[in-house]
Amino acid sequence: MEGMKHSSEIQQAARMIAAGELVAFPTETVYGLGANAFDPVAVARIFETKERPSFDPLIVHICELSQLDGLYRGDDERVYRLAEKFWPGPLTMVLPKQEAVPDIVTAGMDTVAVRMPANPLARELIRQAQTPMAAPSANKFGRISPTEAHHVTKQFPDVYTIDGGKTQVGIESAVIALHDDGFEVLRPGVITEADLEAVVTRSGIDSKEKQQQSPGLLKSHYSPGKPMYIVADPCNHFKEQDRAGLISFGIPGDNCHFSRTEILSRSKDLREAAINLFSAMHRLDESHIEYIVAEPLPEEGIGVAIMNRLKKASY
Ligand code: TXA
Ligand code: MG
């Protein structure tokens, strides 16, 4: 079993979390850089290590529903319906916070973002550390999210990292807010608006103030060190293919001459494309090419979340 294979690493990591240190750990979405959510000094170290601006609040990870009581002040039955359906899993709910949640976690807001990750290593770590863990993605602020342990150690060689292999979902959780009239998606994920609508009503509010509601949702994010462009039909429309790497949804045509090609899914499966997206970006970023060119994916279902990441990476 996975848990057995990693048991001494998890014990070590749990001790470190309890002692106020940081640990990088796998979730099903991306690797997180975690600290005890109730230790403001440890959480401050996350911001320092990531070079993350303090206005960008963190997600708090729990391993069982009872931990929600210490974080969430309220009893909205929709929260429990969503938890029942989607937890453990890649859904984050922004909820009214308990007084005890440190301001540094929530960037001073009166809400806290909470999720229960599906990766059993993550939940076992939280269980042994005996505290919910605040954890952003384990990358320098604004850069490509890590889906493999070496993506983390490349950026943070000094951080203790549990290697759980490649993550199973590949892009970050969907973040939602719950308004009186329904939910609103603040960040799309593999749990789609349609999935959520099967459980709770969608809000009629089409907020133009998402930036304010979710201060971390900047236009530019997930950025490789190289210029990245989204180009429709890139094999026919991008000129300097010998100097560029291609992120292709499926198998590219014979007329394609990019210096490197990353195929997200040979069968054009959006779920598989999400799993492979950030690894492909990391590989192209490390290669000799000068530009990264991404082919747009259909913006439906999980494609919405993938295009959200591609647009921010190329902004
Ligand atoms: O899949 C994930 O969600 C990963 C793994 C590690 O769990 N975590 C992750 O965290 O993506 P991070 O910090 O990279 O993104 C969290 C985002 C923030 O940038 C912000 O937009 C939103 O969640 N958020 C957090 N707290 C919030 C709050 N109180 N109100 C609104 N949005 C919030
Ligand atoms: Mg992030």
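Predicted model: local features only at pLDDT ≥ 70, side-chain atom pairs only at ≥ 80, totals over all residues.
Local features require pLDDT of at least 70 and side-chain atom pairs pLDDT 80 or more, while totals for chains, interfaces and linings use all residues. Side-chain values rest on heavy atoms, without hydrogens or water.

Helices and strands are DSSP runs, numbered from the N terminus (helices H or I, at least four residues; strands E, at least two). Two packed helices are described by the angle and the distance between their axes. Axes here are lines fitted to C-alpha atoms, for helices over the stretch in contact, and angles between N-to-C directions run from 0 to 180 degrees.

Helix α2 (residues 7-18) and helix α6 (residues 120-129) cross at roughly 50°, their axes coming within 8 Å. The two are therefore oblique. Angles under 35 degrees count as roughly parallel, over 145 as roughly antiparallel, 65 to 115 as roughly perpendicular, and the rest as oblique. From α2, I10, Q11, A13, A14 and I17 meet L121, E124, L125, Q128 and A129 of α6, contact being heavy atoms within 4.5 Å. Seven of these residues are nonpolar, two polar and one charged. Ala, Val, Leu, Ile, Met, Phe, Trp, Tyr, Cys and Pro count as nonpolar; Asp, Glu, Lys and Arg as charged; the others, Gly among them, as polar.

Helix α11 (residues 270-286) and helix α12 (residues 303-314) come within 9 Å, axis to axis, and cross at roughly 20°. That makes them roughly parallel. Their crossing is left-handed. The α11 residues in contact with α12 include L270, L277 and M281. By class, the contact has nine nonpolar, one polar and one charged residues.

A nonpolar core is a set of buried Ala, Val, Leu, Ile, Met, Phe, Trp, Tyr and Cys residues joined through side-chain atoms within 4.5 Å. Buried means under 20% relative accessible area, exposed over 50%, and partly exposed in between (1.4 Å probe, protein chains only). The largest core has 44 residues; L82, W87, L91, M93, I176 and L196 touch the most other members. Elements giving it two or more residues include β2 (31-36), α4 (77-86) and β8 (174-179). A second, separate core of 28 residues includes M228, A280, L284 and I302.

D163 lies in the loop between β7 (160-161) and β8. D163 is partly exposed, at 41% relative accessible area. Beyond four places in sequence, D163 touches H6, E9, Y31 and A149.

Methods:
Residues numbered from 1 in each chain as written. Chains lettered and ligands numbered in written order. Left-handed = near helix turned anticlockwise from the far one by under 90°.
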